[in-house]
There are 2 protein chains.
Amino acid sequence: MIAHLISIGNELLIGDTVNTNASWLGQFLHNRGVQVTQVYTITDEPEQIKLTIQQALNKADLVISTGGLGPTLDDVTKKSIAELFDVDMRHEQSVEKHIKELFRRRNLPYSKSNQAQSLIPNNAELLFNASGTAPGMLFTVQDSLLVVLPGIPHEMEHLMTTQIAPRLQDWGSLNIFETRYLKVAGIGESDLIDNWLPNIKSSLNESINLAFLPSSGQVCLRLTGRGKSREEAMIRVHNLSFEIKQRLGNLIYSDEKEDTLDCALGRILTQYGYRLATAESCTGGLMGHMLTETPGSSVYVQGGVIAYNNAIKMSQLGVDASILDQKGAVSAEVALQMAKGVAERMGVECGISSTGVAGPGGGSPEKPIGTVWMGFFTPTQHFAVRAEFSNSRSINKLKSVITAFETLRRCLLGMDELPYNLQKVYPDSLEPVDKAQKGQSHTLSSGDSLNS
Amino acid sequence: MIAHLISIGNELLIGDTVNTNASWLGQFLHNRGVQVTQVYTITDEPEQIKLTIQQALNKADLVISTGGLGPTLDDVTKKSIAELFDVDMRHEQSVEKHIKELFRRRNLPYSKSNQAQSLIPNNAELLFNASGTAPGMLFTVQDSLLVVLPGIPHEMEHLMTTQIAPRLQDWGSLNIFETRYLKVAGIGESDLIDNWLPNIKSSLNESINLAFLPSSGQVCLRLTGRGKSREEAMIRVHNLSFEIKQRLGNLIYSDEKEDTLDCALGRILTQYGYRLATAESCTGGLMGHMLTETPGSSVYVQGGVIAYNNAIKMSQLGVDASILDQKGAVSAEVALQMAKGVAERMGVECGISSTGVAGPGGGSPEKPIGTVWMGFFTPTQHFAVRAEFSNSRSINKLKSVITAFETLRRCLLGMDELPYNLQKVYPDSLEPVDKAQKGQSHTLSSGDSLNS
């Protein structure tokens with residue numbers, strides 16, 4: 001078991017106090033078979049505290065902080081930790097009762113700042129401090145444990161001896177980890193937690209944990225089991241994985257950490273014997289680039305057209321000039337024609353397209369920056385979807401590609417639900433082009449201004 | 001002035017020794033107006049030492065390490081620092097003489113491990129230690145100073161008092177920094193240092209520094225000047241910048257940190273009123289993606305064709321079937337036809353193309369993995385270049401794109417020297433297609449297998 005220590009307090013840095021807590025803890029842990037490999041001595045600044053705790057948790061099984069738990073202004077450890085974990089504080093009655101009793105015996109007035117001593121972050125387990133007013137706290141953070149103790153040496157030593165020492169053996173024996181990853185795309189993190197896995201918390205504890213690792217358009221679920229043996233840890237991970245897979249089904253595109261969405265899509269295309277071509281306006285080549293990052297992708301990737309300018313949409317993809325004129329380049333009709341056009345011209349079964357307002361310029365009230373139409377053409381379906389992403393050009397491009405890949409993946413698997421609950425728009429549901437409306441055509445009709 | 005302290009030694013972590021050096025240094029520096037904001041106490045492991053020094057140098061003006069300078073096996077600080085800075089050791093005669101004298105007076109035998117005490121990394125300034133055998137060392141690292149001291153308290157205190165205290169005021173007053181960035185592409189870091197800036201070291205000192213920050217296919221030169229005033233720092237940066245620009249000229253594509261090569265190319269295209277189209281095989285869309293990351297790129301980017309499959313090279317770009325058959329997809333002829341074909345079909349002035357063996361499969365002795373042909377078509381030139389990059393698919397794609405952009409940029413500016421000294425191959429210098437050779441055509445004739 002590897003431990004990191006964090007000593008918090010300016011007094012240690014300017015040399016007013018010698019850091020004896022660190023050496024006491026080093027010896028205490030060393031004698032119990034726990035190896036301290038780093039001590040951080042840092043200032044009482046919330047950002048520094050959060051950063052250091054995060055760093056230490058990434059590297060150590062056990063992190064112990066001391067200091068910054070008093071009732072004065074520069075005691076910010078508790079507040080910083082609540083911010084780090086993004087949780088509220090809860091009131092611990094046993095602590096308040098204990099402090100009131102201490103003050104009564106010492107004949108001191110009980111004030112507001114003393115009351116704050118009985119608050120602890122919601123996700124903390126209380127380590128009751130019989131020797132003082134600042135409670136200790138224990139946090140289970142994914143694979144690691146965080147112990148937060150007051151800096152007053154005899155209080156810290158009391159909590160270590162009475163509360164931590166008895167648990168060390170247990171922790172040491174829960175030291176084998178197993179990890180599994182489940183990957184989904186086109187679902188927001190909060191949607192996943194609130195609607196797909198609403199009661200998953202009740203399945204989690206010190207021995208089995210679930211973390212959500214979001215990236216643009218995707219979430220990777222990391223399941224970590226602890227156990228006394230590899231089997232025990234694996235069974236815990238397996239049970240949780242089974243539960244999650246039952247709820248998410250085919251929404252999980254992979255359970256391999258290094259696997260990517262384009263690979264998952266590629267496997268399905270290969271299975272059906274389909275080849276894919278891309279017609280990209282606002283994504284500018286990113287679809288093709290991401291597809292061709294995977295070795296062997298030439299089995300299912302035929303090629304594509306980057307139709308950044310409207311002239312190219314017409315000459316290389318067969319988009320109608322009248323549609324561009326009446327509906328604008330960012331429209332269902334153009335996305336539909338691009339997807340179908342590229343598939344037909346490249347002689348393949350599937351085509352996908354993108355046309356949108358990538359930003360930062362080119363937005364309008366009707367089609368704000370981040371508006372993207374994606375088109376899909378397969379042997380059985382032809383539809384478009386409309387999404388609104390962000391103000392960032394790069395994020396719009398990336399999210400468009402991820403959403404397009406995931407939409408095609410779900411469509412080929414026969415799933416009804418689309419990413420982000422997007423709705424399919426079919427060619428026949430679009431109103432016929434009415435030449436009388438020409439005068440009211442959208443202000444955005446040039447691909448140039450859209451992508452710029 | 002912000003200082004970080006690094007205390008090196010397992011004895012501190014297991015609590016055998018209380019870290020009094022850190023509190024002594026904290027007080028000493030605090031009293032002289034230097035603010036210590038972090039102490040790292042770490043093990044005697046080279047990787048940990050390198051990592052921590054690097055971290056501290058990124059955050060502090062002054063970094064002081066103590067410990068690990070003795071002659072025994074677990075004293076690895078000096079070796080770790082030499083590795084970190086990638087420098088050899090040099091022999092300091094004054095130190096050897098001093099140690100021999102100490103040993104003679106104490107009547108002790110002088111051994112090999114003692115001799116190693118007089119070695120210090122090549123880029124170190126010696127801090128002569130009259131109180132012991134381990135010399136102190138001073139390093140100027142970009143914007144920061146690194147002081148390396150022995151861990152024995154009286155030796156450390158002696159060096160701080162006699163060698164560091166007198167310099168602190170100077171350092172504090174050299175506390176204003178100015179930074180400038182000069183960016184180049186298509187030149188290796190060592191080529192830059194050895195051939196373009198061979199004597200630049202003589203222009204550098206504690207007050208003006210030059211760092212080389214390489215990324216795939218590019219190097220960013222960071223010039224950092226220190227001074228007592230902003231003017232003083234700026235003048236130093238300006239003078240060094242002037243000297244470097246005189247030597248590199250138009251090889252510098254930008255002096256803005258956030259500027260990118262595709263923007264620099266875009267400015268030149270815009271200036272000439274040229275538009276660009278891309279024909280990508282092995283880069284799979286990355287050229288288009290990188291060009292369209294820049295807002296406003298629609299002014300000069302028309303579009304492109306991702307011709308991953310040979311059928312697309314023929315149908316969408318007009319590459320001759322006989323050329324593909326005889327020369328293979330990875331050839332000068334195909335790159336030339338792709339570049340010209342995409343420019344003509346998209347009706348623009350400039351076309352660039354890529355066709356290569358991206359890997360990890362598909363290599364042959366004649367065309368190993370990493371072989372890439374790039375084609376260029378402009379109103380005045382039509383040529384191809386051949387490069388050999390690496391075994392990594394992603395790096396091959398990225399380097400191909402950077403090299404193609406830089407080649408076109410230099411070509412439009414009328415520069416003769418191509419990236420990485422690549423040679424232009426013109427259509428008329430290629431031998432005519434001889435049908436009798438058909439039987440000996442290259443084994444690699446299918447685009448599919450090349451990119452897979």
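Student: What makes one say that the copies, chain A and chain B, meet through the same surface?

Tutor: The model is a predicted one. In it, 100% of the interface residues of chain B are also interface residues in chain A, so the two copies use the same surface to meet. The contact involves 52 residues of chain B and 52 residues of chain A. Helix 2 (20-30), strand 2 (35-42), helix 11 (286-291), strand 14 (301-306), helix 15 (393-412) and helix 16 (447-451) of chain B each give two or more residues to the side of chain B that touches chain A. By class, that side of chain B has 22 nonpolar, 27 polar and three charged residues.

Student: How do you know how chain B is related to chain A, and what rotation superposes them?

Tutor: Chain B is superposed on chain A by a rotation of 180° with 0.1 Å of shift along its axis, and the RMSD is 0.3 Å. The two copies are therefore related as by a two-fold rotation axis.

Student: Why are strand 2 of chain A and strand 2 of chain B said to pair, and in which sense?

Tutor: Pairing requires at least two bridges between the strands. As one of the bridge partners, Thr41(B) in strand 2 of chain B stands against Val39(A).

Student: How does the radius of gyration of chain A stand against that of a compact globule of 452 residues?

Tutor: A compact globule of 452 residues would have a radius of gyration near 22 Å, whereas chain A has 29 Å. Along the principal axes, the C-alpha atoms of chain A fill a box of roughly 90 × 50 × 35 Å. Chain A holds 16 helices and 17 strands, and buried residues make up 47% of its 452 residues. Of the contacts in chain A with a separation of 6 or more, 68% are between residues 24 or more positions apart.

Student: Why is helix 15 of chain A called largely enclosed by the rest of the structure?

Tutor: A residue is buried if 20 or more other C-beta atoms lie within 10 Å of its own. In helix 15 of chain A, 18 of the 20 residues are buried, so the helix is largely enclosed by the rest of the structure.

Student: How does the reach of helix 15 of chain A, from its first C-alpha to its last, stand against the expected value?

Tutor: Helix 15 (residues 393-412) of chain A reaches 29 Å, which is close to the 28 Å expected at 1.5 Å a residue. Just after this helix, Gly414(A) takes a positive phi of about 75°.

Student: Why is Asn421(A) called exposed?

Tutor: Asn421(A) has 9, so it is exposed. Asn421(A) also has a positive phi of about 55° although it is not a glycine, and its place is in the loop between helix 15 and helix 16 (447-451) of chain A. In chain B, Asn421(B) is likewise exposed, with 9 other C-beta atoms within 10 Å. Asn421(B) has a positive phi of about 55° and is found in the loop between helix 15 and helix 16 of chain B.

Student: What is omega for the cis peptide bond that joins Gly359(A) and Pro360(A)?

Tutor: Omega of this cis bond is about 5°. Pro360(A) is found in the loop between strand 15 (350-356) and strand 16 (371-377) of chain A. The peptide bond from Gly359(B) to Pro360(B) is cis as well, with omega near 0°.

Student: What makes strand 16 of chain B largely enclosed by the rest of the structure?

Tutor: Seven of the seven residues of strand 16 of chain B are buried, so the strand is largely enclosed. Thr371(B), Trp373(B), Gly375(B) and Phe377(B) point one way, Val372(B), Met374(B) and Phe376(B) point the other way, and all are buried. In a regular strand, side chains alternate between the two faces of the sheet.

Student: With which strand of chain B does strand 16 of chain B pair over seven bridges?

Tutor: Strand 16 of chain B pairs over seven bridges with strand 17 (residues 382-388) of chain B, in the antiparallel sense. In strand 17, Val385(B) is the bridge partner of Met374(B), and a hairpin of four residues joins strand 16 to strand 17 of chain B. Strand 15 of chain B also pairs with strand 16 of chain B in the antiparallel sense, over six bridges, and there Ser353(B) stands opposite Gly375(B).

Notes:
Residues numbered from 1 in each chain as written. Chains lettered and ligands numbered in written order. Predicted model: local features only at pLDDT ≥ 70, side-chain atom pairs only at ≥ 80, totals over all residues. Least-squares fit on C-alpha atoms with pLDDT ≥ 70 in both. Contact = placed C-beta atoms within 7 Å. Nonpolar A, V, L, I, M, F, W, Y, C, P; charged D, E, K, R; others polar. Rg over C-alpha atoms; globule rule 2.2 N^0.38 Å. Buried ≥ 20, exposed ≤ 12 C-beta atoms within 10 Å, placed from the backbone. Expected span 1.5 Å × (residues − 1).
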